[in-house]
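Hi everyone, thanks for coming. Let me take you on a short tour of a structure that may be new to you.

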Amino acid sequence: MKLDILAIGAHPDDVELGCGGTIAKLIANGKKVGIVDLTQGELGTRGTAEIRKQEAEHAAEILGITVRENLGFSDGFFTDDPEHQLKLVEVIRKYKPEIILSNAPHDRHPDHGKASKLIDTAVFLAGLPKIETNEPAWRPNKHFHYIQWLPLEPTFVMDISGFLDKKVASCMAYQTQFYNPKLNDQPATAISSENFTNSIRYRAWDLGRLIGTEAGEGFIARRYIGVQSLDDII
């Protein structure tokens, strides 16, 4: 199955929080988008691997993605080594995306930075013909990192006006992870507060303000971004 865009996250909910609005917009524009979660988020303070799997499936339905799979890497302990690299190489070659979206280069959660580096390595290795897998070599044309907890400076901001509600809905599919008054008996975490849930909107509004639109999501590129015309820039 060929995808236009493959979004990869260390944990279920990373993609929704980082670029859910962008994914919703791309799908509305006819793009085929898939999500790959590296781990089941089994070390999370709230919820279980099975519950998070169900929540991830619900979020996928809300966004309307084409495919979602979980690689079952060890939450908190996966590394950027040949074993993990090759599993990602196989996934990239299987779906042949033109664009990869992945975790922030560094962040509060160490898994995010580790995943970013691992994915960056795998994107490069996937294009080397001498690495043999079931699928031929394939290297995506573009690889961008979405922004997560830390307010990193973006290379560019995607206008997600009209798609913020769907982004928020996909995030709130993870009822065990984010603000939920029905789960007051559960331990509090950095992302379970009402303030954090509100931040999904106000951070998007602020990025939108900075580019003159309703809402936005920031991305970081590891190389220069070229444009064909100044008219492409809003």
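**A walk through the model**

Let's begin with a loop: Lys96 sits in the one between H3 and E4. Please keep in mind that this is a predicted model. Lys96 has a positive phi of about 45 degrees, although it is not a glycine. Is Lys96 buried or exposed? With a relative accessibility of 19%, Lys96 counts as buried, because the cut-off for that is under 20%.

There is another residue of this kind. Asp13, also not a glycine, has a positive phi of about 100 degrees. You'll find Asp13 in the loop between E1 and H1. Its relative accessibility is 4%, and so Asp13 counts as buried.

Where is Arg52 placed? Helix H2, residues 49-63, is where to look. Arg52 is buried, with a relative accessible area of 5%.

Leu63 counts as buried, at 3% relative accessibility. Which residues does Leu63 touch, again not counting those up to four places away in sequence? They are Glu16, Gly20, Ile23, Ala24, Ile27, Ile35, Lys166 and Ser170. Here is a pair to find on the screen: Leu63 and Ala169 are 106 residues apart along the chain, and their C-alpha atoms are separated by 8.7 Å.

For a contrast, turn to Gly30, in the loop between helix H1 (14-28) and E2. Gly30 counts as exposed, with a relative accessibility of 57%.

In what order do its strands come? This is an open sheet of seven strands, and reading across we get E3-E2-E1-E4-E5-E7-E6, with mixed pairing. At the edges stand strand E3 (67-73) and strand E6 (156-159); each has a single partner strand, so one side of each has no neighbour in the sheet. Ignoring direction, neighbouring strands are turned by 30 degrees against each other on average.

Inside the sheet, pick out strand E4, residues 99-102, and strand E5, residues 142-146. The two run parallel and are joined by four bridges. For Leu101, the bridge partner in E5 is Phe144. Packed on the sheet we find H4, which touches strand E1 (5-9), strand E2 (33-39), E3, E4 and E5. The direction of H4 makes about 175 degrees with that of E5.

Last stop: the helix pair. Helix H3, residues 82-95, and helix H4, residues 110-125, have axes that come within 8 Å and cross at roughly 60 degrees. H3 and H4 are therefore oblique to each other, and the crossing is right-handed. Who makes the contact? From H3 we have His84, Gln85, Leu88, Val89, Ile92 and Arg93, while H4 brings Leu118, Ile119, Thr121, Ala122, Val123 and Leu125. Sorted by type, the residues of this contact are eight nonpolar, three polar and one charged.

Terms used: Residues numbered from 1 in each chain as written. Predicted model: local features only at pLDDT ≥ 70, side-chain atom pairs only at ≥ 80, totals over all residues. Heavy atoms only, no water. Axes fitted to C-alpha atoms, helices over the stretch in contact; angles between N-to-C directions. Parallel < 35°, antiparallel > 145°, perpendicular 65-115°, else oblique. Left-handed = near helix turned anticlockwise from the far one by under 90°. Contact = heavy atoms within 4.5 Å. Nonpolar A, V, L, I, M, F, W, Y, C, P; charged D, E, K, R; others polar. Pairing = 2+ DSSP bridges. Buried < 20%, exposed > 50% of the residue type's maximum accessible area, 1.4 Å probe, protein only.
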